[in-house]
Amino acid sequence: MQNGPKTFMSARQPRPASFAARSKRPEPKGSQNAQRNYERYLALARAEALIGNTIGAENYYQYAEHYYRSMSSDPELP
């Protein structure tokens, strides 16, 4: 058993101002987000392939493929 003052965790702590500002930003739609992530991972994979890291490149290509499939299954795409 511990001796000393007890603290109660029920009191809510105010959140930092940066969190409040961040939560008010509109999030991009799913298809736009998937497109952006696909392009990002594709670029990372190509960069890894250029320096000769085939394992790292394959890892990023797998992530890119995931986002490509997400875009393909999204009916909102033109």
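Predicted model: local features only at pLDDT ≥ 70, side-chain atom pairs only at ≥ 80, totals over all residues.
Local features need pLDDT of at least 70 and side-chain atom pairs count only at pLDDT 80 or more, while totals for chains, interfaces and linings use all residues. Residues are numbered from 1 along each chain as its sequence is written, and side-chain values use heavy atoms, with hydrogens and water left out.

Q: In what order do the elements of the protein chain run from the N terminus on?
A: Helices (H or I, at least four residues) and strands (E, at least two) are DSSP runs, numbered from the N terminus. The protein chain has 3 helices and 0 strands. From the N terminus on, the order is therefore α-α-α.

Q: What percentage of the 78 residues in the protein chain is buried?
A: A residue is buried under 20% relative accessible area, exposed over 50% and partly exposed in between (1.4 Å probe, protein chains only). Of the 78 residues in the protein chain, the buried share is 15%.

Q: Among contacts between residues at least 6 apart in sequence, what percentage joins residues at least 24 apart?
A: Contact means heavy atoms within 4.5 Å. Among the contacts in the protein chain between residues at least 6 apart in sequence, the share that joins residues at least 24 apart is 50%.

Q: Which side chain of opposite charge is nearest to glutamate 48?
A: Lys and Arg count as positive and Asp and Glu as negative, while His and the chain ends are not counted. Glutamate 48 has its place in helix α2 (residues 30-50) and is buried, yet has no salt bridge. Leaving aside residues up to four places away in sequence, glutamate 48 touches Asn53, Gly56, Ala57 and Tyr60. The nearest side chain of opposite charge is 12 Å away and belongs to arginine 40.

Q: Over the ring of which residue does the charged end of arginine 40 sit?
A: A charge sits over a ring if NZ of Lys or CZ of Arg is within 6 Å of the ring centre and within 35 degrees of the ring normal. The charged end of arginine 40 lies 4.6 Å from the centre of such a ring. That ring belongs to tyrosine 41.

Q: Why do the rings of tyrosine 41 and tyrosine 63 count as a pair of their particular kind?
A: Rings of Phe, Tyr and Trp (its six-membered ring) pair if their centres lie within 6.5 Å; planes under 30 degrees apart count as stacked, over 60 as edge-to-face and the rest as tilted. By this rule there are 4 aromatic pairs. The rings of tyrosine 41 and tyrosine 63 have centres 5.0 Å apart and planes at 20°, so this pair is stacked.

Q: Which parts of the chain does the pair of tyrosine 41 and tyrosine 63 tie together?
A: Tyrosine 41 is buried at 13% relative accessibility, whereas tyrosine 63 is partly exposed at 39%. The pair ties together parts that are 22 residues apart in sequence, because its members lie in helix α2 and helix α3.

Q: Which residues form one aromatic cluster?
A: Tyrosine 41 and tyrosine 63, the stacked pair, both belong to the cluster. Its members are Tyr41, Tyr60, Tyr63 and Tyr67.

Technical notes:
Salt bridge = Lys/Arg side-chain N within 4 Å of Asp/Glu carboxyl O.
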